[in-house]
Amino acid sequence: MTAIGNFKPRTVYVTYIASTPEKVWQALTSSDFTRKYFWDRTVEIEPRQGGAFVLRLPDGRSNVEGEVIVWELPRQLTVSWQVAWPEEFRKLPECLVRYEIDQAGDAVRLTMTESHSWDVPDAILSGGRSGWPAILSSLKSLLETGKPLSIAMAPPTKMIEAIKRLT
Amino acid sequence: MTATSPTGGLSHRDPIIESDPPRRLVYGWKPLERDKPDERPSRVTFELAPFKGQTRLTVIHDEFDEGSKIFGMISNGWPAVLSSLKTFLETGRPLDPSWKDSVQSCTVEAGA
């Protein structure tokens with residue numbers, strides 16, 4: 001079990017969505033949704049604390065592997081997040097990704113918090129800081145309009161270089 | 001740039017620092033309502049980048065006083081305002097404005 005006390009929030013993204021907490025939860029945990037807004041990835045998640053969590057690429061390889069730390073439907077989902085692909089990204093220590101879902105008037109506030117247990121350089125944080133707004137903007141569009149966004153994106157060059165320098 | 005509150009009071013009268021439509025807009029930021037802390041003006045930058053019929057909007061709000069209270073307020077405010085802007089542009093309807101009643105204080109760490 002991951003010792004979550006050692007992890008400090010480094011990136012927070014908040015978005016308000018015209019939807020219900022249950023729908024937002026479903027969008028985070030069901031492949032029917034992730035395939036559309038999370039660059040064709042499917043999600044496998046065992047619905048309990050300590051359960052396995054995998055984000056899978058369309059060709060079946062795992063992209064992210066982790067464990068369910070908090071499963072509190074439909075308020076909070078926290079998973080540990082170990083990048084398994086691209087290969088060289090396996091050097092990154094696991095981080096925590098927490099989704100908090102709160103009712104806010106007729107809308108839902110979704111707060112994504114990415115926390116780290118080490119002194120992560122900004123160059124490495126830049127991956128999440130460019131990726132999460134794209135992913136969560138697309139999730140919002142999908143839930144509100146039925147259509148995701150179409151955003152092509154690769155990890156920032158400075159992130160890839162900083163990972164190469166990790167020992 | 002002036003902004004008025006729903007009750008008609010002046011809430012902003014800020015200088016435009018840079019305007020390069022439709023790519024970049026920079027203005028000063030000083031809330032004028034009496035219940036807002038009296039701090040030196042900060043600065044807001046909007047950057048717009050087109051991508052396949054979509055737009056990436058980046059908002060940078062900086063130049064705050066040390067220990068600024070307004071920083072905490074805008075950290076709660078921008079996500080709601082920008083979420084509603086996105087909903088309005090994509091569906092023709094803004095979000096329910098009652099988010100204001102449910103905003104909790106949240107901590108935004110350095111760089112976030």
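Guide: The pLDDT is the predictor's per-residue confidence, from 0 to 100; helices (H or I, at least four residues) and strands (E, at least two) are DSSP runs numbered from the N terminus. Residues 104-112 of chain B fall below 50, and this stretch has 12 contacts in the model beyond near neighbours in sequence, a contact being two backbone-placed C-beta atoms within 7 Å. Where pLDDT is low, the predicted coordinates should not be read in detail. Chain B as a whole has a mean of 87, with 86% of its residues at 70 or more, and the complex has an ipTM of 0.92 and a pTM of 0.92.

This is a predicted model, so local features need pLDDT of at least 70 and side-chain atom pairs count only at 80 or more, while totals for chains, interfaces and linings use all residues. Residues are numbered from 1 along each chain as its sequence is written, and chains are lettered from A and ligands numbered from 1 in the order written.

Now the close look: strand β7 (residues 107-116) of chain A. Because 9 of its 10 residues are buried, β7(A) is largely enclosed by the rest of the structure; buried means 20 or more other C-beta atoms within 10 Å of a residue's own. Strand β1 (residues 8-17) of chain A pairs antiparallel with β7(A) over 9 bridges (pairing takes at least two DSSP bridges), and here A:Tyr16 has A:Arg109 as its bridge partner. Strand β6 (residues 95-104) of chain A also runs antiparallel to β7(A), joined by 9 bridges, with A:Ile101 opposite A:Leu110. β6(A) and β7(A) form a hairpin with 2 residues between them, where A:Gly105 in the turn has a positive phi of about 65 degrees.

Conventions
Buried ≥ 20, exposed ≤ 12 C-beta atoms within 10 Å, placed from the backbone.
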